[in-house]
Amino acid sequence: MLQLPTPASQEPSPIARTKSPCKTCQWCFASCGLTQEMNILTMSWTVFDKLSWLCRWMSSMAAPGEKVDRKASSNPDLHLNRATLHKYEESYGEALEGFSRAAVLDPAWPEPQQREQQLLEFLNRLTILLESKGKMKVKKLQSMLGNLRPAHLGPCGDGRYQSASGQKVTLQLKPLSELKPGVNSGAVVLGKVVFSLTTEEKVPFTFGLVDSDGPCYAVMVYNMVQSWGVLIGDSVAIPEPNLRLHQIQHKGKDYSFSSIRVETPLLLVVNGKPQGSSSQAAATVASRPQCE
């Protein structure tokens, strides 16, 4: 049976706690009771989402632990770490609840409350920009949309797109409004960038995409180098878009919006050009023995 609690001597003090993702992952392993058997995994923060399998595994390991040991449910570090994983899985409601719970369990620890506030500010700014389409004037937006051309689809428009199965396929251009939740196989969307939004952590790179059909969707790009981005007015094509519908309620605030999750900028076509390998951040993995 998995035992989650760790001796008090192993728990990091408030001073030792840090916003570093490496420390977060280390303590998440410790929270799962794996410190004696496993090495410490460190990774580049910009490619954290690329290891989403690890996030899901940590979360699934942690949840049963609360049932077998009541001390785990009172561990603020466990709630903070799991909330961080939820955030990068775009489960924002669960992330906010986790940050809030960690703050209640340890009021003297400022990080949970800071992260909760940062995420709320991000969601607030994002929904305002989506509703106002980047606060862009109607004439300017119409002019931008009038410049959309089939050539902006690049390889997504001439049968040169290579699907996840490795086959060359012809994609059907669809308006954003016709996308279904989940991966829209065989489809491609094309629109104009009307705003971009970054956070302190720089991940994900978020921008608003509008097409001639009307709605503005958030596009969240992961695993990019920090120098990568798109500009207002750029034409962006997204093959086989992964649509997510968000309905978030937290402490009297409601957020509702649609987003497209993009795992790497290599999947995007910007102004008719595929993004080169230099746009994607490389994963860095290292290990060292856990100190006794």
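## Burial of β6

Buried means under 20% relative accessible area, exposed over 50%, and partly exposed in between (1.4 Å probe, protein chains only). Strand β6 covers residues 205–210, and six of the six are buried, so the strand is largely enclosed by the rest of the structure. In a regular strand the side chains alternate between the two faces of the sheet.

Strands (E, at least two residues) are DSSP runs, numbered from the N terminus.

## Pairing of β6

Two strands pair if DSSP finds at least two bridges between them. Strand β5 (residues 187–197) pairs with β6 in the antiparallel sense over five bridges. F195 has G208 in β6 as its bridge partner.

β6 is also joined to strand β7 (residues 216–221) by six bridges, and these two run antiparallel. F205 has V221 in β7 as its bridge partner. β6 and β7 form a hairpin with five residues between them, and G214 in the turn has a positive phi of about 125°.

## The loop at A164

A164 lies in the loop between β1 (161–162) and β2 (168–169). A164 is exposed, with a relative accessible area of 83%. The C-alpha atoms of A164 and S185 are separated by 9.9 Å, and the two residues are 21 residues apart along the chain.

## Basis

Residues are numbered from 1 along each chain as its sequence is written, and side-chain values use heavy atoms, with hydrogens and water left out. Because the model is predicted, local features need pLDDT of at least 70 and side-chain atom pairs count only at pLDDT 80 or more, whereas totals for chains, interfaces and linings use all residues.

Key. Helices (H or I, at least four residues) and strands (E, at least two) are DSSP runs, numbered from the N terminus.
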